[in-house]
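Reader: I would like to learn how to read a few side-chain features in a model. Please start with charges and rings.

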Amino acid sequence: MSDPNENNNKENPDKFDQLKKLQELLSQLTTEQHEALKKKHEEYLNRKGPDEPSKTMEEFLFWKTQPVPQFGDNSETPKLKQGPIDSSKKIADISTTPINLSKNVEGFEWCTLDSQNDTHLEEIHSLLNENYVEDLSSTMRFAYSKDFLKWAISQPGTKSDWQVGIRVTTSKKLVAFISAVPLHLKINDEEVESVEINFLCVHKKLRSKRLAPILIKEITRRVNLYDIWQALYTAGVVLPKPITTTRYTHRPLNWDKLYDVGFVGVPENGSEEEMKKKYVVKSKKNLKYVPFEEKYYDEVALLFEQHQQRYKLQHIFKSKEEFLHQFLPRKDILRSFVTLNDDGKVTDFISYYILPFNVLDDDDKIVENLKVAYLFHYCSDCASTLDDDRSLGARLRLLVQDMLSDAYNEEKCDLFNCLTSQDNGLFIEQENFGMGSGFLNFYLFNYFVDKMNGGVVKLSKDNWLLQKNSDIGIVMI
């Protein structure tokens, strides 16, 4: 009897040859290799999506006790309305003494740090640069400068006890840190006084001590004593429960260097020369832009307020001091510009901050440094033009082209990053930003709001569709 697949094999000789090669390759695998390959394939099929929690609500031992939206809500669960989840507490209910660390873990003590103190700043800097955020492969880690940290955690209005640390009692070594800065939000149509929680960091060797929940409880206690009950924070991991999910996008500036460290590769059927050509950065200036100065404050603040009205989650600046602290240019930290028309009137504002990355080897040694630009806030007089975003999209493309040129030619940056938040979807694809593997989730503590658009929509676990606009107007450092 003839083989029923014989005719198909004759008609598709290439496919038949590929099949034979695959069968020969599989036959050469040992049992252990075959099982390892099978296990890896099963893990790939069963892996969690970037917007899916890694465990059930009951397994979130800390977060299930906190006033945050819970996973697993169903039709029987009363639907929350926008607003505080728990509004019963008053300042009188909050303890004026720190959490008893010895009840949770022995050998550690609380400390309050001051980023204006050079010794304290050096300690914070060392802890973060040796233990803070890494990519999934642990080959890249943020490399904050001391001046960058001082800028980020010293916002006007920050209270003296909102920079919280944990030390080893015997050696006084700083092994954990968390900070809060004041943040006034507008969520849909409601203004909310809150804080931004950032730089939560625990020494690598102490991750099993569960110090992070204790840090969160302590900073919450200290913030509550100022009659503030809400907080905004972000994380790459999925916790209960994101108000939105955004995605990182990357635009190579120095493609050769990024290729050498393994950050970018050559696609199938592509070449290095094609990639270099695609990501060339032209030295040009589309618009008449100059560095932002205090004299432009009134015009920019008004433009910013008008532009933020496009979003459901807005950053509201309550004082000139706060605005200038956030946006005045800072050497090696922040670049910010205004564009002027022929009459000298401000038509646009745009900014980006600079944050180096250390590239690590298997022994945690630094082998290379990448200088990375992050798109920060922007605003334009086109924001009120609602002709299908054409005018704003065209303006943003010119602004971003100028910033790419500035970052590469003036600041010698290797990479330019932005999230899918704000109106970034109007230029991401056109300016050759590529979707990254990283996602950033936004969370509100003790506040419920319906899910917001983070600029990407999930079609499947591996397929996310970029949107033109998002509901998120705030950018966290």
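Author: A charge counts as over a ring if NZ of Lys or CZ of Arg is within 6 Å of the ring centre and within 35 degrees of the ring normal. Here Lys285 sits over the face of Tyr289, 4.4 Å from the ring centre. Lys55 likewise lies over the face of Phe60, at 5.1 Å from the ring centre.

Reader: What kind of model is this, and how are residues numbered?

Author: This is a predicted model, where local features need pLDDT of at least 70, side-chain atom pairs count only at pLDDT 80 or more, and totals for chains, interfaces and linings use all residues. Residues are numbered from 1 along each chain as its sequence is written, and side-chain values use heavy atoms, with hydrogens and water left out.

Reader: How many aromatic pairs are there?

Author: Rings of Phe, Tyr and Trp (its six-membered ring) pair if their centres lie within 6.5 Å; planes under 30 degrees apart are stacked, over 60 edge-to-face, the rest tilted. By this rule there are 34 aromatic pairs. One of them is Phe304 with Phe317, edge-to-face at 5.4 Å centre to centre and 65° between the planes.

Reader: Where in the chain do Phe304 and Phe317 lie?

Author: Helices (H or I, at least four residues) and strands (E, at least two) are DSSP runs, numbered from the N terminus. Phe304 is in helix α9 (residues 297-308), and Phe317 in the loop between β9 (313-316) and α10 (320-327), 13 residues apart. Phe317 also pairs edge-to-face with Phe323, at 5.1 Å centre to centre with 70° between the planes.
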